[in-house]
Amino acid sequence: MSKVRILVLTSSTGGGHDARADAFAEWCFQLYRHEVEVRIEQMLERSSVVNRTGVQLYNWIQRSVPGAHKLFFAVVELLSVINRRRVVFGRRYYVEVLQEFKPHLVLSVHDCLNRGYFPLARKVLGRDRVRCATYCGEFSGGWGYSRNWIEPTVDLYLSRTATANDFAVKCGIPRERSRVRGLLMQPHAHLDVFTPVERRAFLTRKLGLRADRFTVFLATGSNGAHNHFDMLPALVRHGDRMQAIVICGKNRQAYNELLHWRALHPEFNCYIEGFSEIVHRLMQVSDVIVTRGGTTTCAKALFFECPIVFNAFGGIMPQEQLTWKFFRNGAGCPKVENADEFAKLIDEWHANPAEYAGLRRRFLQLRTEEDPTVVIDELVSLANEVPNAHLTRHPFPPKTNGNGNGHGNGNGNGGPQRGAEEP
């Protein structure tokens with residue numbers, strides 16, 4: 001067996017939790033190879049019918065009636081009481097995984113997989129035989145920050161921003177066990193950063209778009225929920241100066257309909273893709289991204305210097321509210337709730353480009369420098385504290401972000417410095 005074993009608990013409510021789990025596993029392999037074994041478990045889906053049904057309902061609400069998630073969120077918050085001292089739904093499967101894999105570290109990247117799960121891991125494996133950690137991707141605190149994130153016995157609690165970290169401490173996380181770590185993104189995305197020349201070439205040669213036009217990225221999550229057809233007319237009106245990148249997630253019907261729409265609008269430059277594996281590249285060639293408040297997408301947008309317009313069509317979910325609140329307070333990022341509001345925003349930018357320039361300037365001020373390997377080393381080091389974990393080589397020495405204590409505000413991770421375009 002590998003020297004260090006880490007169990008990652010996640011669930012596919014949206015795509016951000018799984019993205020962070022995958023990124024952690026890939027980083028571990030890049031840095032430690034076979035010295036560290038990572039096992040990712042879709043714990044909610046695989047452990048019980050009740051949990052699986054909840055995940056399906058969450059994703060249906062996100063696609064269809066986001067505003068209704070306020071009630072669903074309130075119901076899910078009851079898990080913080082139900083699982084206060086034990087795991088109720090899915091306990092048997094979780095115990096089987098613990099007994100089979102015998103992890104040195106249990107890492108949760110999902111709100112509903114903390115409370116009860118850490119005490120049960122210690123009960124099954126032995127208090128000194130396992131460590132427990134949480135990586136919370138929320139940007140701020142308040143309504144929408146689930147109490148299910150808060151398991152006070154956690155050995156290490158990682159927050160994305162200082163604002164979110166302060167709220168976690170207020171809710172019961174010991175400050176001495178908390179850290180601020182901004183982004184958990186795939187290694188290839190950190191390395192795949194365009195120079196200005198490469199950016200222009202990708203935009204023109206790969207996507208077939210023009211380098212002299214304002215590029216709007218209409219994004220969606222993996223489940224393909226979108227409002228593209230409501231927003232495209234506003235861009236077409238300014239087709240002499242604007243163009244679009246549009247992705248559809250795993251919504252094949254939307255992709256087919258968009259291809260037909262493009263055929264009917266030959267005067268408008270538009271690149272269309274289904275489920276994209278190069279979102280990080282598309283962000284780098286876009287001037288703004290229109291997206292719901294998914295934490296992973298918004299963190300990447302900040303990293304790649306792509307200002308955000310928040311899509312609140314049909315209402316905004318509590319967790320999305322946390323993200324929008326952070327970017328609204330910090331940069332004045334706008335929120336649009338219908339096609340008319342989006343059209344008004346685009347018209348304003350077209351008439352007064354300084355409005356967009358101000359948004360971009362404030363947005364970039366939220367970014368900070370951070371070494372992406374720091375959080376990986378901290379978690380592996382935590383696992384290596386367990387007596388029967390024997391990592392051959394020691395993890396890399398602790399790194400700081402420039403203020404001497406390894407803490408930062410986690411709002412960005414020192415991404416590409418986008419310079420002026422080549423003439």
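This is a predicted model: local features need pLDDT of at least 70, side-chain atom pairs count only at pLDDT 80 or more; totals for chains, interfaces and linings use all residues.
Student: OK, back up into α7. Which residues of α7 are buried?
Tutor: Tyr117, Phe118, Leu120, Ala121, Arg122 and Leu125.

Student: And how do the axes of α6 and α7 cross?
Tutor: Helix α6 covers residues 91-101 and helix α7 covers residues 117-125. Their axes come within 10 Å and cross at roughly 50°. That makes α6 oblique to α7.

Student: Is the crossing left-handed or right-handed?
Tutor: α6 passes α7 in a right-handed crossing.

Student: Which residues meet there?
Tutor: From α6, Arg91, Tyr94, Val95, Leu98 and Gln99. From α7, Tyr117, Leu120, Ala121, Lys123, Val124 and Leu125.

Student: Why would residues three or four places apart point the same way?
Tutor: An α-helix has 3.6 residues a turn, so residues with that spacing point the same way.

Student: New topic. Where is Asn165?
Tutor: In helix α8, which spans residues 162-171.

Student: Buried or exposed?
Tutor: Asn165 counts as buried, because its relative accessibility is 4% and the cut-off for buried is under 20%.

Student: What does its side chain make a polar contact with?
Tutor: The side chain of Ser178, at 3.4 Å.

Student: And which residues does Asn165 touch, not counting those up to four places away in sequence?
Tutor: Ser159, Arg175, Ser178, Arg179 and Val180.

Methods: Residues are numbered from 1 along each chain as its sequence is written. Side-chain values use heavy atoms; hydrogens and water are left out. Helices (H or I, at least four residues) and strands (E, at least two) are DSSP runs, numbered from the N terminus. Buried means under 20% relative accessible area, exposed over 50%, partly exposed in between (1.4 Å probe, protein chains only). A polar contact is a pair of N or O atoms within 3.5 Å; within protein, one must be able to donate a hydrogen and the other to accept it, and residues adjacent in sequence count only if both atoms are side-chain atoms. Contact means heavy atoms within 4.5 Å. Axes are lines fitted to C-alpha atoms, for helices over the stretch in contact, and angles run from 0 to 180 degrees between N-to-C directions. Angles under 35 degrees count as roughly parallel, over 145 as roughly antiparallel, 65 to 115 as roughly perpendicular and the rest as oblique. A crossing is left-handed if the near helix is turned anticlockwise from the far one by less than a right angle, and right-handed if clockwise.
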